[in-house]
Amino acid sequence: IQFVKQANVAYLAISGGGEPCNHRSAVLRTITEARADHIVINTSGSWAVNEKAAEIYLKQLYQVWKEREHPCELTLRLSVSQGHSIKLGMKPAFHLISIYKKLFTQHPNFKLAVHTFRNDPSLSKILEEFSESQLTEKPQINASADRQVMKKIPSKFLLKWPDGFQIQIGISRFFHSGLRPNLKQTEKCQQSIKIFQEDLEYSESFFPTVTENLNGQLGL
């Protein structure tokens, strides 16, 4: 939190190494104290298997966000995929979408986004569950995940409801990663390299450690 305050951060992502929302007090304190224009919480939604418990936590997040000294945009970015659903099923996604739609439609800067992978069936399950919703017909290709920071994703859609509620759906490449790749399996290795090269070229512009500013100049 101290580093974020000193660094004048515009975009803060809370992520990785496990489920951030399992450390609730730390997340709530970060939302309260960290100065950033946009805060993103990357989550598997494991804490939202129980809908009532999920609603309680979202209300807590909303309250500390609302009371911030420096207003910001807060996005809960839910990862949805076959890999996540092996243990969790689709309940976390269904619950979180339902809660946001019920409680937070009037708060466009307190929002939910969904992240999934190409050819993953999870998005189809969301569309089946919320049959009144519709995907925008054409995706934005290599679009920024954020209005201010050029963090590109291969494609993104908007999932819209008749009452005006909408969530962003980001679709990424699925990397065939492995700590011990078998170099004798040439075809598999080439497939992994191809996906990585594609991401490096189209999403990172061959500068994986550099951010591109909105004016086209390279940032830090």
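Let us start with Ser-155: leaving aside its neighbours within four places in sequence, this residue is in contact (heavy atoms within 4.5 Å) with Pro-139, Gln-140, Ile-141, Asn-142, Ile-169, Gly-170 and Ile-171. The model you are looking at is predicted, so local features need pLDDT of at least 70 and side-chain atom pairs count only at pLDDT 80 or more, while totals for chains, interfaces and linings use all residues. Residues are numbered from 1 along each chain as its sequence is written, and side-chain values use heavy atoms, with hydrogens and water left out.

Ser-155 sits in strand 7, which covers residues 152–160. Helices (H or I, at least four residues) and strands (E, at least two) are DSSP runs, numbered from the N terminus. With a relative accessible area of 11%, Ser-155 is buried. Here buried means under 20% relative accessible area, exposed over 50%, and partly exposed in between, using a 1.4 Å probe and protein chains only.

Now turn to helix 2, residues 24–33, where the buried residues are Val-27, Leu-28, Thr-30 and Ile-31. Viewed down the helix axis, these buried residues fall within an arc of 160 degrees, so they line one face of helix 2. The arc is that of the directions from the helix axis to the C-beta atoms. An α-helix has 3.6 residues a turn, so residues three or four places apart point the same way. What do the buried residues of helix 2 pack against? Their partners are strand 1 (11–14), strand 2 (38–43), helix 3 (51–66) and strand 3 (73–79).

Apart from neighbours within four places in sequence, Thr-30 is in contact with Ile-1, Leu-12, Ile-14 and Arg-68. Between Thr-30 and Ala-48 there are 20 Å in space, C-alpha to C-alpha, and the two are 18 residues apart in sequence.

Finally, the structure holds 1 cavity of 30 Å³ or more. On a 1 Å grid over the protein atoms alone, a cavity is a set of points where a 1.4 Å probe fits but cannot get out, and lining residues have an atom within 4 Å of a point. The largest cavity has about 70 Å³ of space. Among the residues lining the largest cavity are Ser-44, Leu-78, His-84 and Met-90. Strand 3, helix 4 (82–88) and helix 5 (91–103) each supply at least two lining residues, and helix 4 gives the most, with 3 residues.

Terms used: 1 Å grid on protein atoms, 1.4 Å probe; cavity = no way out; pocket = protein on both sides within 12 Å on 5 of 7 lines; lining within 4 Å. Points joined across faces, edges and corners; volume = space filled by probe spheres on them.
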